[in-house]
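Please look over the sequence and the structure before reading on.

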Amino acid sequence: MPSASWLAPKFFYSPASRTVSKIAGRPSRQRWSKLNALNAFNDTNGSDGSIQSNTNTEWKNSKFPTLDALLQQTTSRAFRTLSTTAEGDQNDADDDAKTKEGSDTIRDVIDAAVMRSSSTLSEVTNESDRTEFKRHQDKRTYLNNPCVTPTALAHTLWKSTVIPNHDTVIDATCGNGKDCLALAKLLFPDELDPYSDVHPHLIAIDVQSRAIANTQRSLLSALPDEIYYNHITLLEQSHEHLLDAISPRNDGKRQEVGLVCYNLGYLPGGQATNDNYKDFTTQTQTTLNSITDAALLLRVGGLLSVMTYPGTNLEESIAVEHFVEGLAMLTTRDEGGWRRYLESIPNYSSPNENEKGGTNGSKIRDMVSQSMERVANHGSPQQTWRTFLHKPLGRPMSPILVTAHRIK
């Protein structure tokens, strides 16, 4: 004999007509409970099993197909869960109440799923924005990294040298004003005390009128009028005679300077307006005369900063390097002293002395020797220098930063 369960009556339930068709016998209480739960779910959500809520309508019209698919999947899972979890040992009233509570729970689950999906998409979008910003920020950090570019290294050294609201600093080749603006921010970080006896001063020099105009425009846009008109001086002239640009102090003594910087070569961007822009390139002799004056002006703790360009003027770059090294040799204990060092400077030459970057035999040694004699004869007898050559390896024509720091 087959078991009694095989003889149990069977029913078909039609969601569209909400009717139960009897196959044979009488339905069990457990099956009645399931059918009542399905009826309650359809009363709440529609006979076709769709969720009748603002959330569903809102996300059906959404532009995110992934969320719509997630909503349909969540609805289907909730429908299956409700159709199989009704308790068979409860009465009809309890079943109706639990079914209604289950429907509310389903809505909560769907809403939570939608919120989580929306949050995920938002996080992805925000992460994409952060990645793009980080890429741009990394680029700026790279260009401003003193381990990478000599300009950034120079600015870092200036920051450790300039005394804010106190020093006199000179940009001897102000060009488009970028270095001059960096100096202004270091020298004038705050508003000045109008009753102070200290008079900080920024002097910018360039032989080209367009360079002076560019620098003026840059400083006016960044500095208060009180600072610009009372503490900034722009000189359209050669930097060769730097001592003439510094007014003596009230006591008649030479004014001491905290920093003198040079960015040699030609005016950046000059090729856009002038076919002969390289005719205004800095020259070896005038540059040596100028940095010699700078060495005589610098106070103890002051810095001479020179950016050279071997690819533009190799002779000038070599001469600057030898002069700065000669400053360090003023206090050497080697036999013959700094003059012996000058005698050891080789005779630079090239197959064609008139070609770009060519040098002229003993010309460099003679020019450097004249400049060093001036420093030794007119400078302090106790002057002591520490000099450095900041040169990228493997890139012989790249810009070179040459620095001389007076420590005594």
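Predicted model: local features only at pLDDT ≥ 70, side-chain atom pairs only at ≥ 80, totals over all residues.

The side chain of Glu315 takes part in a salt bridge with Lys363, at 3.6 Å from N to O.

## Other salt bridges

Across the whole structure, a search finds five salt bridges. One of them joins Arg299 to Asp167, with the closest N and O atoms 2.7 Å apart. This pair, too, links distant parts of the chain, the two residues being 132 residues apart. Arg299 sits in strand β7 (residues 298-308), while Asp167 is in the loop between α5 (150-159) and β3 (168-171). Arg299 and Asp167 are both buried.

Another salt bridge is formed by Glu343 and Arg340, whose closest N and O atoms are 3.9 Å apart. Both residues lie in helix α11 (residues 337-343); because they are three residues apart there, about one helical turn separates them. Glu343 has 59% relative accessibility and therefore counts as exposed, the class for values over 50%. Arg340, at 43%, is partly exposed.

## A nonpolar patch on the surface

Tyr142, Leu143 and Val148 make up a nonpolar patch on the surface. Together they have about 290 Å² of accessible area. Of these residues, Tyr142 is located in helix α4 (residues 92-143).

## Cavities

The search of the whole structure also finds two cavities of 30 Å³ or more. The volume of the largest cavity is about 60 Å³. Its lining is formed by Ala154, Trp158, Asp179, Cys261, Tyr262, Asn263, Ser305, Met307 and Leu401.

Two or more lining residues come from each of α5, β6 (257-263) and β7. The element that gives the most to the lining of this cavity is β6, with three residues. Sorted by class, the lining of the largest cavity consists of six nonpolar, two polar and one charged residues.

## The largest pocket

The largest pocket holds about 890 Å³ of space. It is lined by 35 residues, and those closest to its centre are Thr173, Asn263, Leu264, Tyr266 and Pro268.

At least two residues of the pocket lining are supplied by each of α5, α6 (178-187) and β4 (201-206). Here α5 gives the most, with three residues. The lining of the largest pocket has twelve nonpolar, 19 polar and four charged residues.

Notes:
Residues numbered from 1 in each chain as written. Heavy atoms only, no water. Salt bridge = Lys/Arg side-chain N within 4 Å of Asp/Glu carboxyl O. Helix = DSSP H or I, 4+ residues; strand = E, 2+ residues; numbered from the N terminus. Buried < 20%, exposed > 50% of the residue type's maximum accessible area, 1.4 Å probe, protein only. Patch = residues over 30% accessible without salt bridge, like charges linked within 9 Å, V, L, I, M, F, W, Y side chains within 5 Å. Areas by Shrake-Rupley, 256 points an atom, 1.4 Å probe, with all protein chains shown as cover. 1 Å grid on protein atoms, 1.4 Å probe; cavity = no way out; pocket = protein on both sides within 12 Å on 5 of 7 lines; lining within 4 Å. Points joined across faces, edges and corners; volume = space filled by probe spheres on them. Nonpolar A, V, L, I, M, F, W, Y, C, P; charged D, E, K, R; others polar.
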